[in-house]
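Hi,

Here is the structure I said I would pass on. Have a look at it first, and my notes on the side-chain contacts follow below.

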Amino acid sequence: MTIFLVLVVVFYLLSAFILLFIKMKWGLRLIAAVNVVIIAALIALFAWIAYPILERDGLAVFLKSDWNPPRESYGVLNALVGTLITSAIAIAIAMPLAVGVAVTINELLPRKLREVFGALNDLTAAMPTVIYGLWGLFFLGPLLQKAVNVVALWLGLGEVMKAPSTLFTASILLAIMITPYAAAVIREGYALVPRHVEEAIYAVGATKFETVLVKLRYIKGYVYGGLFLALGRAMGETVAVAMVVGGNFARFTLNPFEGGITISSLIALQFLNAEAYQFMVPALFAAALLLAVVGVAINAVAIYILQRTTV
């Protein structure tokens with residue numbers, strides 16, 4: 001492992017030297033190649049450490065929902081379902097918000113304010129996730145619990161959200177966190193719409209709202225690319241989600257208003273205790289392997305869409 005890290009550092013330094021002093025294209029290609037090798041090596045490392053649990057249980061480790069360390073019985077289905085639930089809800093909320101933010105900054109704000117609000121959007125994306133987690137734990141969670149239960153009581157459903165830390169809380173927090181990522185991609189595409197295209201839209205008598213819709217269709221590749229990049233970000237978020245998701249390791253649930261677990265938060269919350277058990281470390285690396293493969297696939301789709309998009 002040490003040798004691998006040394007080789008990575010050497011190749012990065014070599015890439016930087018070529019990039020700065022020889023030829024930029026060669027340096028960028030070498031950096032890209034090193035990144036691909038690193039990702040492949042990490043996935044191989046996860047598979048190697050996860051091999052004992054995969055050899056013992058096979059693919060059942062991904063299909064079981066129980067998590068019982070004393071019995072050395074591990075399944076990541078509960079975490080996988082929690083990841084899918086939180087990511088789906090977060091994307092459903094974040095994408096309209098991201099489109100609205102991008103259109104507001106590029107179309108509605110005065111030109112002097114666009115750079116300011118664009119910078120604030122990017123700053124929001126760069127904020128440490130633990131800050132989001134603290135805010136979600138002490139403010140967002142209790143607020144959502146009260147709001148959801150008020151609506152549920154009004155509908156005659158009783159108290160449906162019994163604790164502030166739930167899958168739904170994690171979903172809303174994720175939606176807030178990933179909106180700036182998607183908005184940044186959509187803003188970039190929106191700003192690239194040619195001037196003559198915009199003038200042609202107005203020339204046929206389109207209103208402001210109709211013009212925005214046409215321009216969004218024109219850059220739909222950027223919208224889809226932003227969606228997949230935000231989805232990858234949502235599925236991989238760890239610290240903030242671990243603080244508000246509820247930490248339900250063993251009980252399988254599809255109810256977003258109950259406490260749950262995601263793959264990344266499962267790894268974060270259980271890794272400190274893993275060395276005390278024979279198969280917990282391999283089980284956690286099996287979960288990491290699954291998350292890494294899914295993450296690479298999602299980001300590959302996003303990059304493919306963005307590369308095929310021409311404005």
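Let me start with Glu107, which is buried at 8% relative accessibility (buried is under 20% relative accessible area, exposed over 50%, partly exposed in between, with a 1.4 Å probe and protein chains only). Before going on, the ground rules: this is a predicted model, where local features need pLDDT of at least 70, side-chain atom pairs count only at pLDDT 80 or more, and totals for chains, interfaces and linings use all residues. Residues are numbered from 1 along each chain as its sequence is written, and side-chain values use heavy atoms, leaving out hydrogens and water.

**Salt bridges**

Glu107 makes a salt bridge with Lys208, at 3.1 Å from N to O (the rule is a side-chain nitrogen of Lys or Arg within 4 Å of a carboxyl oxygen of Asp or Glu). That pair links distant parts of the chain, 101 residues apart: Glu107 sits in helix H3 (residues 77-108) and Lys208 in helix H8 (residues 208-218). Helices here are DSSP runs of H or I with at least four residues, numbered from the N terminus. Lys208 is partly exposed, at 39%.

Both residues belong to a salt-bridge network that also takes in Arg195, Glu198, Glu199 and Lys215. Within helix H7 (residues 195-203), Arg195 and Glu199 are four residues apart, about one turn of the helix, and their closest N and O atoms are 3.4 Å apart. Arg195 is exposed at 57%, while Glu199 is partly exposed at 45%. The whole structure has eight salt bridges.

Arg56 is worth a click too: it bridges to Asp57 at 3.0 Å and also lies over the face of Phe279, 4.3 Å from the ring centre (this needs NZ of Lys or CZ of Arg within 6 Å of the centre and within 35 degrees of the ring normal).

**Aromatics**

Rings of Phe, Tyr and Trp (its six-membered ring) pair if their centres lie within 6.5 Å; planes under 30 degrees apart are stacked, over 60 edge-to-face, the rest tilted. That gives five aromatic pairs. In one of them, Phe168 and Phe257 have ring centres 5.1 Å apart and planes at 50°, so the pair is tilted. Phe168 is in helix H6 (residues 167-191) and Phe257 in the loop between helix H10 (239-244) and helix H11 (263-270), so the contact ties together parts 89 residues apart in sequence. Phe168 is buried at 16%; Phe257 is partly exposed at 24%. Elsewhere, Phe46, Phe271 and Phe285 form one aromatic cluster.

Cheers

Notes. Helices (H or I, at least four residues) and strands (E, at least two) are DSSP runs, numbered from the N terminus.
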